[in-house]
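I am opening a notebook on this structure and will set down what I looked up, entry by entry. The sequence and the model come first, and my notes follow.

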Amino acid sequence: QLTADSQSKDSVIFLSSVSDEELVKLYRESKVFVLTSISKSVHFEGFGLVYLEANACGLPVIGSGDSGAEDAVVDGRTGILVPQNDVEATARAMRTVLENKELWQKLSENGLVWAREHDWAEIIEKYIHIYRET
């Protein structure tokens, strides 16, 4: 409703039931991925695989601190973490990434490596090694 009543109504598109192929296409058409979750009591963002998905498509990411984003985003290396519910900090982070081509490139490249390091095949091998050592 907020979007429908605003001047940006023609710039915002809400999607649902997006296929994996379409999701990858959308990531690749984007310049930055932003998900700044807000924790409320027992409701909070878990690990945040979407940050790794975006990194795997070469996108720098912006997430919020004190959430699962802290486990999926390396602040200043694969993306930027901002305080929860801080619109100004989020806007600054977005401008910083989008206006600084060198930073965008660094976050993109590091994010690709980070995503590969956290691919399920890599994680499974680590667990197998731990189980065998135990």
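I began with a term: a nonpolar core is a set of buried Ala, Val, Leu, Ile, Met, Phe, Trp, Tyr and Cys residues joined through side-chain atoms within 4.5 Å, where buried means under 20% relative accessible area, exposed over 50% and partly exposed in between, with a 1.4 Å probe and protein chains only. I kept in mind that this is a predicted model, in which local features need pLDDT of at least 70 and side-chain atom pairs count only at pLDDT 80 or more, while totals for chains, interfaces and linings use all residues. Residues are numbered from 1 along each chain as its sequence is written, and side-chain values use heavy atoms, with hydrogens and water left out.

**Entry on the cores.** I looked up the largest nonpolar core and found 11 residues, Tyr27, Phe33, Tyr51, Ala54, Cys57, Leu59, Val61, Ala69, Ala72, Val73 and Leu81. Helices H2 and H3 (69–72) each supply at least two residues of this core, helices being DSSP runs of H or I with at least four residues and strands runs of E with at least two, numbered from the N terminus. Apart from this core lies another, of 9 residues, among them Ile80, Val82, Val97 and Leu107.

**Entry on the whole protein.** I noted 6 helices and 3 strands, which run α-β-α-β-α-β-α-α-α from the N terminus on. The C-alpha atoms fill a box of roughly 60 × 40 × 30 Å, taken along the principal axes, and of the 134 residues 30% count as buried.

**Entry on asparagine 55.** A polar atom of its side chain lies 3.4 Å from the backbone oxygen of threonine 78. Leaving aside neighbours within four places in sequence, I found asparagine 55 in contact (heavy atoms within 4.5 Å) with Pro60, Val61, Ala72, Thr78, Gly111, Leu112, Trp114 and Ala115. Alanine 72, with neighbours within four places again left aside, has contacts that include Tyr51, Asn55, Thr78 and Trp114.

**Entry on glycine 79.** This residue lies in strand S3 (residues 79–82) and is buried, with a relative accessible area of 0%. Glycine 79 and proline 60 are 19 residues apart in sequence, yet 5.1 Å apart in space, C-alpha to C-alpha. Not counting residues up to four places away in sequence, glycine 79 touches Val61, Val73, Val74 and Leu107.

**Entry on two helices.** At what angle do the axes of H4 and H5 cross? The axes of helix H4 (residues 87–99) and helix H5 (residues 101–117) come within 5 Å and cross at roughly 95 degrees, so H4 is roughly perpendicular to H5, a term for angles of 65 to 115 degrees. I listed Thr96, Val97 and Glu99 of H4 and Lys101, Leu103, Trp104 and Leu107 of H5 as the residues that make the contact.

**Entry on two loop residues.** Aspartate 66 is not a glycine, although its phi is positive, at about 55 degrees; aspartate 66 sits in the loop between strand S2 (61–64) and H3 and counts as exposed, at 65% relative accessibility. Asparagine 85, also not a glycine, has a positive phi of about 60 degrees; asparagine 85 is found in the loop between S3 and H4 and is exposed, with a relative accessible area of 60%.

Conventions:
A polar contact is a pair of N or O atoms within 3.5 Å; within protein, one must be able to donate a hydrogen and the other to accept it, and residues adjacent in sequence count only if both atoms are side-chain atoms. Axes are lines fitted to C-alpha atoms, for helices over the stretch in contact, and angles run from 0 to 180 degrees between N-to-C directions. Angles under 35 degrees count as roughly parallel, over 145 as roughly antiparallel, 65 to 115 as roughly perpendicular and the rest as oblique.
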